[in-house]
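Today I am opening my notebook on aromatic rings. I want to look up who sits beside whom, and write down each rule as I go.

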Amino acid sequence: MERGEESSRSLSEYQHAQQQQPPLSRYESQKRRDWNTFGQYLRNQRPPVPLSQCNCNHVLDFLRYLDQFGKTKVHLHGCIFFGQPEPPAPCTCPLRQAWGSLDALIGRLRAAYEENGGSSETNPFASGAIRVYLRDVRECQARARGIPYKKKKKTNPTKASEVSSSTIHFS
């Protein structure tokens with residue numbers, strides 16, 4: 001078999017295999033993209049960090065790195081608009097990743113880590129330091145916008161019909 005035939009056969013076999021698999025859900029696609037992005041981040045570190053040596057500090061650095069691509073205005077303590085939910089004019093305060101986006105990202109990466117062979121005991125995305133960081137981001141962003149964060153109360157089953165289906169309860 002010639003080389004050209006071999007490569008075209010491999011391509012057609014690959015395309016056939018792709019047609020056999022159902023398309024990924026939006027969540028699965030995002031989880032794969034996030035996992036690949038985190039892997040690229042680790043490879044770009046100097047020196048590169050193998051996934052087997054990744055710890056919660058690498059995850060925290062990654063979350064801080066992502067802030068540069070954020071779209072959420074977080075007013076600093078010295079800003080005249082600090083604590084105002086809807087400031088009347090623009091300011092020079094930084095844009096950051098929104099807490100909800102970071103929380104969802106960590107959830108996807110936590111799942112991807114274990115799906116890619118990591119154990120739940122060593123999962124750096126499940127670290128207490130990550131939970132503390134996310135809590136601090138949530139509270140800081142809420143204060144900067146003048147919106148006090150209040151933990152949602154769990155409802156009892158008899159009142160479940162009164163609660164919106166989009167409400168998420170955390171334990």
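First, a term I need: a residue is buried under 20% relative accessible area, exposed over 50%, and partly exposed in between, with a 1.4 Å probe and protein chains only. I keep in mind that this is a predicted model, where local features need pLDDT of at least 70, side-chain atom pairs count only at pLDDT 80 or more, and totals for chains, interfaces and linings use all residues. Residues are numbered from 1 along each chain as its sequence is written, and side-chain values use heavy atoms, with hydrogens and water left out.

**Entry 1: the layout.** I found five helices and two strands in the chain; these are DSSP runs numbered from the N terminus (helices are H or I with at least four residues, strands are E with at least two). Along the sequence the pattern reads α-α-α-β-β-α-α. Of the 171 residues in the chain, 26% are buried.

**Entry 2: ring pairs.** A pair of aromatic rings is described by the distance of the centres and the angle of the planes. My rule is that rings of Phe, Tyr and Trp (its six-membered ring) pair if their centres lie within 6.5 Å; planes under 30 degrees apart are stacked, over 60 edge-to-face, and the rest tilted. The rule gives 10 aromatic pairs. In one of them, Phe 38 and Tyr 41 have ring centres 6.5 Å apart and planes at 25 degrees, so I noted the pair as stacked.

**Entry 3: around Tyr 41.** Where do Phe 38 and Tyr 41 lie? Both are in helix H2 (residues 26–43), three residues apart, which is about one turn of the helix. Phe 38 is buried, with a relative accessible area of 1%, and Tyr 41 is buried at 10%. Tyr 41 also pairs with Tyr 65: the centres are 5.2 Å apart and the planes at 40 degrees, so this pair is tilted. Tyr 41 lies in helix H2 and Tyr 65 in helix H3 (residues 56–66), so the pair ties together parts 24 residues apart in sequence. I checked Tyr 65 too: it is partly exposed, with a relative accessible area of 35%.

**Entry 4: the cluster.** I then listed one aromatic cluster, formed by Trp 35, Phe 38, Tyr 41, Phe 62, Tyr 65, Phe 69, Tyr 113 and Phe 125.
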